[in-house]
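Below are some points for a colleague who is meeting this structure for the first time.

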Amino acid sequence: MTDATLVMSLRPSRFWLAMRYIRRNKSLAIGLAVMLFLIAFTVIGFLTINPRHAYPLSAATRQAPSWKYPLGTDFFGRDLLAAMVVGMWQTAAIGLIAGGIGTMIGVFLGFVSAYFGGLIDAIIKTICQILTPIPVLLIQVVVAGSLDKRDVTIMVMALIIVMLGWMGTTLVVRSQVLTMKERQFVAVAKLSGVGSMGIIFKEIMPNLLPFIAAAFVVQVFQAVFASFYLAVLGLGPLREPLLGNIIWSAQGQGAFFNGWWWWPIEPAIAMVLILGSLALINMGLDELANPRVRKSE
Amino acid sequence: MTNLLDLHHVSKTYTRGLINAKATVALQEISLTLKQEDPTILTVAGESGSGKTTLAMLLLGFITPTTGQIIYRGKDITALQGEERMAFRREVQAVFQDPFAVFNPFYTVDHLLSVPIKRFKLATNAKAARAKMDEALTAVGLRPEDVLGRYPHQLSGGQRQRINVARALLLKPRLLIADEPVSMVDASLRASILETLRNLQRDHGVSIIYITHDLTTAYHIANAIIVLYRGGVMEAGDVDQVIKSPQHPYTRLLVDSIPWPALDRRWGTDMIKAREAGSSSVGCPFRSRCPMAMEQCKTQPPLYKINKTQAAACYLHAGHPEIAAERLTELLPVRTQIEA
Amino acid sequence: MILRLIFRRVLFLFVVIWCASSIVFIIPRLSKTNAIRERFAELSRTGGFSPDDLEKIIASYSKQFGLDAPLWQQYQDYLGNILHMDFGYSLNRYPMTVTQVIVTAIPSTLGLLLVTTVLSFLIGNFLGALSAWPKAPNWVRAMATPFVLLTGVPPIIMGVLLLFFIGFRLQLLPLGGAHTIGIVPDGSLSSYLDLLLHLILPSLALILGSVGGWVLSMRGMGITIQGEDYVNFAEHKGLTGKVIFRDYYLRNTLLPQATALALALGTVVTSAIVIEGLFGLPGIGQALNSAIRSNDFPVIYGIVLFITAAVATLMVAMEFVYPLLDPRIRNQ
Amino acid sequence: MADALHKSPILTVSNLEVTYYTDAGRAKALDDVSFTLNAGEKLGMVGESGSGKSTLALAMMRMIKPPGRIEAGHVFVGGTDLMALSDEDMRQARLSKIAYIPQGAMNSLNPVIRIGAQLVDALRSHGIRDSRAQIEERCINALKSVDLDPAVFRMYPHELSGGMKQRVCIAIGILLQPQVIIADEPTSALDVVTQRQVMETIDRVKNQINAAVILIGHDMGLMAQFVDRVAVMYSGRLVEVSTVREMFTNPLHPYTAALISSLPNLQNKGVFQGIPGLAPSLLRLPSGCAFHPRCTKMMEVCQSTRPLTRTLESNRLVTCHLYDAVV
């Protein structure tokens, strides 16, 4: 230990530290701020607009943004403001469902694999290794494409995405638990009479919380990303005003050629905000979880 | 009375790879006895790779021996169940080398002390638990209000290692495995930590196995010593005897290389052979570095009893009577010879 | 030793492809309705095939997806066909086989992919390394920030935005397609220049959409490496900044980044496919897009399997590159 | 020794001051540190962790990184003030005037580059334009001088043992025949036997190039075996500089005295005498003399006034109020 690190390690109270930290971890702060803005937009939106206007033939068609239609309308007569609100909500739903389930599967398998080791570990690890090179999105294309379009609902879409989205979390959690398991405090806990369950849940799990949080954000990111791509390829629930769907239909109608620029641009910007805030939050959490990547200031 | 600890021909071999498995012998045929009625401090000394840490892991039951048995108070430790297992857990404790790594960074340092109290039901209520923690911390020279409620990174290395010793104290174990407890602590603090350990043995009747590469501290704290090299016993006996007049060429080299903090004991001048990476596993493990290696050394030398309290596994002492490995303990003195 | 390694990796490759094929085989059969059957029904209603051809297709699919044979038999035949690179006929572009569809579409996709991946990998890593390096001039470090902000933007959205601002608003570059209407790809210089012009935006979209990720991961790696003893010692040795940067930073981050590249291949390919669709470029993406729009299942499955195999092969091939980058692996 | 006193020192450190600006406040890691060293002399720098000994090494190499800063002072090596050099000149001075042998030899070599290349780049970076064969020969000679086989030139770090890696670091350190070599706990991760070999190697190469050596560490045993003079640091200040013999027989500073008597040796088996109390945090130094809360000879003045460093007979330095009257 050098003198410098010793000085650094003599630190004041946790609260002060947290305040300092948030101020320094700009990506986390900005990401959370954007996320809050999006939530506010959706909530306020639902209180003020009529969700039915998010569906075709509910408004005038092909209107540029105006006072009546602040975000304009599309070829099919959707009010894009309403479509944004509903689409944002649906995107969030897919992200949270798929991300949540994916994280749970990943954390569970990761823990089981690393903690018990042996054959179970070998099997789980091999499955992950085999599935990793398979382009997840393309398999999802097959799944979504093979289903009857009428069967593809928001929930089904989320499940399609979960199906092949758990390996990353599993491998991350597994490697973290593996290193954690070798840490000496686990040995000491054993000497203190703590059993397997206690070691998993009371000794190891708390230290993994930042990783699990980061993994969750990554899962949500990937789920939103995947649902967006599926929708852009025309494989989403076609009737729903999913952001990807809107871009898909705009592209199909040649929106730019016809001068309806707002139609694809608005969902694109919304998507940038969603994915961008998730990416920033993930970066921030990464810094929190992995002190080695902390900024050298 | 049953013995506190019996090791019967304990060996540990690590194998790597499923096909073309390479076996590394970490520990070879160790037999050892500690008696309940004579608490002692026994040093197990050796360089890295000597198998001393493997021995610690075996004794704590974290790994199982490849061959041989470890008997704790009459029971094989691999077969312990239920309450017996909990009793073993409480009675055999450890102090580790790295005073930081033993703390779970998520919790305050209280966690280290409160968990064993809770798990082993050492106190009936929170107040009694706190009193126990205070008592243990005071005994190792810490003020409880200075350390409790703080996070490990907020304490100095010395404070952290003292808390570790306090943890061992709190549990009043019968056997304490001290694995390099002072090698990462400042020199000025070593003395007080070692003293606490010795008091644990003297005042509380705890047997201590002190694992180290540092013969100076070993000399000061221990009664007996076993010197390991690549998993095998090179020399064993009374610590004064072994350090003041080492008989095995390896021990001689080790003792010769101790940087004594004294102006009248300078390093020797004899040549040191560099350690080779892969030497064959038959014969004397030290022979590739030994300045006195002979043709004979290609077979494993037995232990020769040089005097009442010293034995060495080297053909240079072939004139002395052989002593079977399992009777090695008979040579190891148990009482502190210099009483303070 | 080497032979065994190669054998194991090739075996792994086959397992991956087998798994992917099995997934593709099973999924349609789990669906309540049989999409292919429906498609045939639809086709026969709308016409578009001569009755003879339709019979041939159905015969081919009875063989491929062998709808009346026992499931096990179907599965075996299906795997056998895949081994022969036989994915059957395209429904939409009959009498082309799926393999033919893929082979015609491959070159342009491969070109786009290669250029953009290599460029974004190089640019991203270089910028990332520089931005993590304390001695880099401030303006270089400032340059990395906007790229990092792009991490959250998928290439397709980047494409939409580029189309809007550069193609539509500024009208600097074409809005899509491979060629301006009226220009025939006759191999003349002007036709190539025209193609190049059309490729700028899609390439830019792909590069901008993926470069941020490389900047970010390289930055993290660079900061980690900065704390390494060997970099510190290199400074103590009085090495010039250039040497430290080249031999101590870049050299040591290459392996983890190459690993990341292998893992990212799947996403990269997917992005390229979607971008092709967006910009109407001929290629695998276009083929997949139109297959999806017209429910041309054999083509969808064929493309998915083909890409899976290609990505898995590249990943395995990458593993043989690692030893060249890291002597520690070489010795094992 | 008497001879050494007449020579002009090869290294003069004067009033060196380093501060770390941390979230929790300022920490003065080096406070007014001055000492001199002659060619061929070996100085030990001891102190508890956090006492500033590693900071001193980094400050002399001008390798203090933010949040640390060198606030004041001079480091003269053979007449050149390192603190006055431009960054580029300082880079050139590293290894050619003043070399550093690192603590963690295990990780101090780049794992993906051959050992040879890591010696060659050091030479090339210092403007040596010899032919490839000449440079290679020079590097192999350096390896030979630390008892390494020339074959090591073509090996990778992972193929070497810890002791061999440390030797490679020493070989790099002497490549350009510096006048001062700083060895920062060079053996802390090594076994005693290897430690002895490494220390003996340092001693031998030092004699070959007649450099001055500063050995940083906390093991007084190693100091007794290796160095000529010992400097003791406490909370960023030098509290005593004496020859080894003087320090072991007649320590001046109460901290040094406590340190010496806490040492285990053959005569006093079973006697444990630690230094009571803990080293203070640099962020909250006690008033007056930083050692006063732990000092057995504490006087009233120690609590309020910081002692000055005084030079006593036979060139010993001490920073303690006990010697206020002596001068």
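1. Between chain A and chain C the count of salt bridges is zero, a salt bridge being a side-chain nitrogen of Lys or Arg within 4 Å of a carboxyl oxygen of Asp or Glu. The model is predicted, with local features needing pLDDT of at least 70, side-chain atom pairs counting only at pLDDT 80 or more, and totals for chains, interfaces and linings using all residues. Side-chain values use heavy atoms, without hydrogens and water, residues are numbered from 1 along each chain as its sequence is written, and chains are lettered from A in the order in which they are written.

2. The contact (heavy atoms within 4.5 Å) takes 50 residues from chain A and 57 residues from chain C. About 4,400 Å² is buried between chain A and chain C, with carbon and sulfur atoms giving 78%; buried area is the accessible area (1.4 Å probe) that two parts lose on being put together, summed over both. In chain A, the residues that lose the most area to chain C are A:L138, A:L233 and A:F256, together 14% of what that side buries.

3. In chain B, strand β11 (residues 303-307) pairs with strand β12 (residues 310-312) in the antiparallel sense over three bridges, and β11(B) and β12(B) form a hairpin with two residues between them. Strands here are DSSP runs (E, at least two residues), numbered from the N terminus, and two of them pair if DSSP finds at least two bridges between them. B:Y304 stands opposite B:A312 in β12(B), while in β13(B) the bridge partner of B:Y304 is B:E322.

Methods: Helices (H or I, at least four residues) and strands (E, at least two) are DSSP runs, numbered from the N terminus.
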